[in-house]
Number of protein chains: 6
Amino acid sequence: MNSNEILLKNVKILSELSDIDRQNMEHQTELPSVNALKRIVELAKQVFFPGFFDASQSNENSRYYHVGANMDEIFNLLKSQVKSESIALEFINRMPEIKRMLYTDIDAMLHSDPAVKSQAEIILCYPFVQAMLHYRIAHELLVLGVQTLPRIITEMAHSLTGIDIHPGAKIGEYFCIDHGTGVVIGETCIIGNHVMLYQGVTLGAKSFTFDENGTPLNTPRHPILEDNVTVYSNSSVLGRITIGHDTIIGGNVWLTNSVAPYSKIMQSKAVAATFTDGAGI
Amino acid sequence: MNSNEILLKNVKILSELSDIDRQNMEHQTELPSVNALKRIVELAKQVFFPGFFDASQSNENSRYYHVGANMDEIFNLLKSQVKSESIALEFINRMPEIKRMLYTDIDAMLHSDPAVKSQAEIILCYPFVQAMLHYRIAHELLVLGVQTLPRIITEMAHSLTGIDIHPGAKIGEYFCIDHGTGVVIGETCIIGNHVMLYQGVTLGAKSFTFDENGTPLNTPRHPILEDNVTVYSNSSVLGRITIGHDTIIGGNVWLTNSVAPYSKIMQSKAVAATFTDGAGI
Amino acid sequence: MNSNEILLKNVKILSELSDIDRQNMEHQTELPSVNALKRIVELAKQVFFPGFFDASQSNENSRYYHVGANMDEIFNLLKSQVKSESIALEFINRMPEIKRMLYTDIDAMLHSDPAVKSQAEIILCYPFVQAMLHYRIAHELLVLGVQTLPRIITEMAHSLTGIDIHPGAKIGEYFCIDHGTGVVIGETCIIGNHVMLYQGVTLGAKSFTFDENGTPLNTPRHPILEDNVTVYSNSSVLGRITIGHDTIIGGNVWLTNSVAPYSKIMQSKAVAATFTDGAGI
Amino acid sequence: MNSNEILLKNVKILSELSDIDRQNMEHQTELPSVNALKRIVELAKQVFFPGFFDASQSNENSRYYHVGANMDEIFNLLKSQVKSESIALEFINRMPEIKRMLYTDIDAMLHSDPAVKSQAEIILCYPFVQAMLHYRIAHELLVLGVQTLPRIITEMAHSLTGIDIHPGAKIGEYFCIDHGTGVVIGETCIIGNHVMLYQGVTLGAKSFTFDENGTPLNTPRHPILEDNVTVYSNSSVLGRITIGHDTIIGGNVWLTNSVAPYSKIMQSKAVAATFTDGAGI
Amino acid sequence: MNSNEILLKNVKILSELSDIDRQNMEHQTELPSVNALKRIVELAKQVFFPGFFDASQSNENSRYYHVGANMDEIFNLLKSQVKSESIALEFINRMPEIKRMLYTDIDAMLHSDPAVKSQAEIILCYPFVQAMLHYRIAHELLVLGVQTLPRIITEMAHSLTGIDIHPGAKIGEYFCIDHGTGVVIGETCIIGNHVMLYQGVTLGAKSFTFDENGTPLNTPRHPILEDNVTVYSNSSVLGRITIGHDTIIGGNVWLTNSVAPYSKIMQSKAVAATFTDGAGI
Amino acid sequence: MNSNEILLKNVKILSELSDIDRQNMEHQTELPSVNALKRIVELAKQVFFPGFFDASQSNENSRYYHVGANMDEIFNLLKSQVKSESIALEFINRMPEIKRMLYTDIDAMLHSDPAVKSQAEIILCYPFVQAMLHYRIAHELLVLGVQTLPRIITEMAHSLTGIDIHPGAKIGEYFCIDHGTGVVIGETCIIGNHVMLYQGVTLGAKSFTFDENGTPLNTPRHPILEDNVTVYSNSSVLGRITIGHDTIIGGNVWLTNSVAPYSKIMQSKAVAATFTDGAGI
């Protein structure tokens, strides 16, 4: 076959829609606009952090116009994406609370990281702020019954920050994540107030329940962290267990059972080893 | 020295090409176009997932033109990047198989994650789809003898998803990665069918062999995972070992020896500890 | 309330600046331009790696003009961002040394990764090069007394590569990081020459000292790694401890005490387990 | 008033919609997308002039895919702009005829301008090609009953070329305009075959008829040019007059009456003058 | 000389600043931002024509926010371009009057062109609207004492429409220009109400007065057109003459003397000619 | 036929290449890059007018680098567009002379237009500067034997300014055009020093000579203007005639015969007319 025949043959094969293609296309109904979602988050970010991402919002007198224009644009974009004016409106209604929550998160970081000097520095530099902005917006949308879009919104933050929070997770006030790369927070997690995580922490499922067809069931399967829990880097807390309040979990820990309040858990000690093969290790 | 003299002095120093600069520039011969590579992956993505990333490809009747236009553009871009018409053509020839493989990966995820409701949601939201799209394209190019470009293609996905798959790895059907940040799959890995990884898993080398000049030798040094293996989050499986089929490896495990089929491996238990210094831990 | 009233109500709430908003806005004084910082790094990258990211700089004769134009643009952008001509000038003065250091890093990788064939491939494909470019630039700016900007510069690399190096860390020559996702290097780390890290390694703090107001103090709290130390994937080395030279730390290790030179440390052995609940694990 | 009061006052005034504003907004119903119209013309241009504006369409074998993809995109964009599938479809049906007409225009120029060497040069460089492309597309849309959009399309060409052809004009084959800036062709013009115009020619109305309300009536009011008419630069031919076939009209002529076939009309002679005031003239 | 020497030689020559270069650079003081000026005009256009160029401004309830945000942005951009808060503020103050004037212009066109059906069509399609938008903004800025910027603003319209109105000209209400390409309106023109021009009309200077150094003096040198004057296509009206009210000037006329009210002026008749040389004419 | 059949039918027709299509495609050989040509002109503009279009070139000390970088980029772009290193090099060699000529043009305008206050204002605002920049570059390329590209370059200026200068025309020093829209300067024009044109002036052909096949011959057919000639607006000077030095030609003149030095030519007088039909005129 010459090059045209090869091209032709493969174009034909790949043009044909399989049953799965057709089924997938039905599910998607109408494509969400990734650009519209990005714009919604960007506009909210400008409103929530006055003057940081849109200099024109730093003037106290004219700020009103810009906040209004931003929120009206959010309202219209969201209405067209979720096909529901009432949901878009209810989201607008919840924006002040989202802002309040985000400021508790920033405040928590200010009191946790010796490297930081001001809230301004956190807002400008810390990736967890971006992750929480996306998560808290996405979570409210999910609570309001929006499908698929919340997950796209949190995945945008995942790509930017390496922090993967499922929009279904419930997260209290004064929550913060330092560094953040590799953090995973599962769909049915419940997290209290004043909880802090470090990079690489997984709050995941330990096992799944399946129905008779072998389809995994979406049951509560991720941990509950009560207030004032800290989890150090690269630890995995798995299953529908409860980590009692005021508990500290050290780094690189694999934890699958509930622990009482005020616990301190750490990995068993590393040992000195003899490496014998190749370059060492 | 005044500012002009300082600028001048450093411009002179940095304008001079060192021997290493010259040697590096020889190796690069002609610069690959990152934009061309991005476009190739984007065009393939539109073809593989009809209607998801280019609405005009959702119409069954006219889809043929768009698939043809996309594939012809892929063919031409690839031809100019790899300087070989026959390689570009052979890649076109393998595109249907790449699509088929990708759909097995998506199918596997559908049966593994209770949080997901449809293939459409996976295609739109799951970063591992992006990672596998890049990997499966890059791997075919590597098999066809293309240098450097495959690695650039997989590094694009690495930057977007935190999933780092070397294009040289061999990965079977129905492969999936949940969350994915921090996953590393080394160059000489061999992975069977129905394998699932979680975030932070390393399938890496344990040690290297060096030649007489101290240059590390590119020998098989990464693990073999047989069919139906699952590795939970943040575990490291290292060295040219074999993980027997139907094995489960728990999270945060450091594993450097082969294990038999049907094994279950987990970290030794975390211990309650007494923290004595500073703020705790 | 109808939709206009709801919009109006929330616009009013979110237009008002709280005390914290005002305080944050004072701290920020003048917004750094993220685009200017990106451009500075991009221009330096073109200068440091001749011919790789700007083909016009590969010609030995005319290269002088382009290097000069790039450096003059860096000088002007930096001057306007840091509001200090002398700092901008001193940065120019240090650029040759930054280049020299980066080439030692690349050289170290060439001798460590069997998968790589040339420095050119490292420059084009390896994310740690991007991370070190950002870090080494940011570190020099921090040393010169620049606030906030260095952190923004390293966070750009963090988002792109998953490698999070605080600009305050001190890092010697011939440093390299393979794969890199999830690596965290804290503010007060001191790293010698010929040190190599793998993905997921944390060089972090173990505990903080607080002042009487509960504000964490910015004291030396991250590890010192002497020359020729290697830390394998996903290990955490925490606290102001010293890792003696020529030491190897295995993967998934949690280490909070100093170790002598020539040590080899690894995780205690994983154990075969019996999984009893649900789908396994 | 201080600055905030002044801003506030004027924002209030300009926010209020006048009756005229409201009436205008009703007429516009839905905003046409200027970008969609530009894209339609661009796609048609690529199809009509193979290889000139899209290199990928120069390959005879794969050209079919690109033409199909372009035309399907034209079809979809047009359908969404005119809200009528049947009009969009009928436009597709007329595209081959539009192409044929355009090639007669180019052919006419090739035989008229001594400065030109090939059709390729005309396609690449001559602004009248752009003007005729826009006009011939717009005219067909107007004939199909589309409102407003045709005028927007011809105004795009007017802005680019200075050639202002009303989409309502009827223009035969082998029509060409040299240089073109300032040419105006009115709504009810009828132009035969093999007609050539030079820059600054107006084919306009001489007078209007008004209804009882003083509204100008849209009656035939522009000239009829029969076959083989040439009009040289800056002449004005006005009113519902007929210029007989094979007539030449010189430059800078003001003509308001019909002329017989085979006429030659020119301006009365310029005279030598005595300038007396100021710098001369 | 080889290629490097030739490049070097010419770079040296062109790098040197001549006295004229230095003098020019002094005059420019600070470069106006063409982008800022474009944005100012675009923002004003959205405010003046509600719903036509920014769909979000068509909602009567939320329009207030968008108008406010636009005008605040205009205020800030203008302030930074003219280095004067009071001028920027006074411009804001005049915006309602600019809008009112523009609507008289559109109204005039509606009653003059039989080809048009609504004000909406004029706003969307007629280039003179763009020209008047730029002119009326530029004129107010000139009146407020702004240098250079007004001319840049009118030249933007000149490039887009071929209509060249000097910002210094004084133009009354209900002014319109049909087609417009080639229209020139000089700096010291005074134009009454209800004046209409067609394409190619020049309202220019006939002669200049020079000072003792041969520098042309900026004295009143362009025509005065009283109310209800119409000038048809390609006519030139030159010098400080007065065209009395209710006068009609035909096309292609060269007029350098004042005319009384209610005059009708037209070109002397074209004559049939005998062409003898070459292809005719 | 249904919509797919209609689409299919027309795609087939328009996919087929006619003989003319094939012939055109041969002539074009390789497509010129319009973007490359735009960039060349933009880079030259920055070099010629220091500080006006690239602020970084206003610093006398570092200007050298930027001029060098610009000229090297011009050299490389041109080399790739004209496929000739020696032509690209010779163009570089002529750049100083092009700059010198442009400054004479600007100087001429400064002494001709009472509305202008400085050379800086001319450089920033006057469209003829853009037109002459394009023309003088294009003319040198044409002289060096480059095909097609010069015409594309002057047509760019034509679209932007309405000034249409054929690159083949020969134009002396101190040339200027006021307003400029509609100016046409033909291929074989020869223009002396200190010549000034106003808008709408045509220096065109009066008639063509044809060969035996009816193809127009490219012979000298446009006017010669000796030194110190001024042509006022909308006049046409046609044919291979000579306009003697120090001649003034008034506006709206149609001139087809040579005139002696020191002549003054103007249109025969407009006459008062009686309008009898319709709305007047």
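Which residues does F:Val67 touch, not counting residues up to four places away in sequence? The residues are E:Val11, E:Leu14, E:Ser15, F:Val47 and F:Gln57, where contact means heavy atoms within 4.5 Å. The model is a predicted one, in which local features need pLDDT of at least 70 and side-chain atom pairs count only at pLDDT 80 or more, while totals for chains, interfaces and linings use all residues. Residues are numbered from 1 along each chain as its sequence is written, chains are lettered from A and ligands numbered from 1 in the order in which they are written, and side-chain values use heavy atoms, with hydrogens and water left out.

F:Val67 belongs to helix 4 (residues 63–82) of chain F; helices (H or I, at least four residues) and strands (E, at least two) are DSSP runs, numbered from the N terminus. The residue is buried, with a relative accessible area of 0%. Buried here means under 20% relative accessible area, exposed means over 50%, and partly exposed lies in between (1.4 Å probe, protein chains only). F:Pro50 is 17 residues from F:Val67 in sequence, and the two C-alpha atoms are 9.2 Å apart in space.

The contact between chain C and chain A may be taken next. It takes 67 residues from chain C and 66 residues from chain A. The area buried between these two chains is about 5500 Å², and carbon and sulfur atoms give 60% of it; buried area is the accessible area (1.4 Å probe) that two parts lose on being put together, summed over both. On the side of chain C, the residues that lose the most area to chain A are C:Leu14, C:Trp254 and C:Lys264, together 14% of what that side buries.

Polar and charged pairs also cross this interface. The count between chain C and chain A is 17 residue pairs in polar contact (both at pLDDT 80 or more). A polar contact is a pair of N or O atoms within 3.5 Å; within protein, one must be able to donate a hydrogen and the other to accept it, and residues adjacent in sequence count only if both atoms are side-chain atoms. One salt bridge is found across the interface of chain C and chain A, the term denoting a side-chain nitrogen of Lys or Arg within 4 Å of a carboxyl oxygen of Asp or Glu. The partners are A:Lys99 and C:Asp21, whose closest N and O atoms are 2.8 Å apart. Helix 1 (3–15), helix 2 (19–28), helix 8 (149–161) and strand 14 (264–266) of chain C are the elements that give two or more residues to the side touching chain A. Helix 1 of chain C supplies the largest share, 11 residues. By class, that side divides into 25 nonpolar, 29 polar and 13 charged residues; Ala, Val, Leu, Ile, Met, Phe, Trp, Tyr, Cys and Pro count as nonpolar, Asp, Glu, Lys and Arg as charged, and the others, Gly among them, as polar.

Between chain A and chain B, 66 residues of chain A are in contact with 66 residues of chain B. About 5500 Å² is buried there, with 60% given by carbon and sulfur atoms. The count of salt bridges between chain A and chain B is one, formed by A:Asp21 and B:Lys99 with closest N and O atoms 2.8 Å apart. Chain C and chain B are likewise linked by a salt bridge, in which the side chains of C:Lys99 and B:Asp21 meet (2.8 Å, N to O). This pair runs from helix 5 (residues 85–110) of chain C to helix 2 (residues 19–28) of chain B, and both residues are buried. By contrast, no contact joins chain C and chain D, whose closest C-alpha atoms lie 15 Å apart.

Over all chains, the structure holds 64 salt bridges. Side chains of opposite charge can pair when their charged atoms come close. Within chain E, E:Glu187 forms a salt bridge with E:Arg221, with the closest N and O atoms 3.1 Å apart. E:Glu187 lies in the loop between strand 4 (184–185) and strand 5 (190–191) and E:Arg221 in the loop between strand 7 (202–204) and strand 8 (224–225) of chain E, so the pair ties together parts that are 34 residues apart in sequence. E:Glu187 is buried, with a relative accessible area of 14%, and E:Arg221 is buried at 5%.
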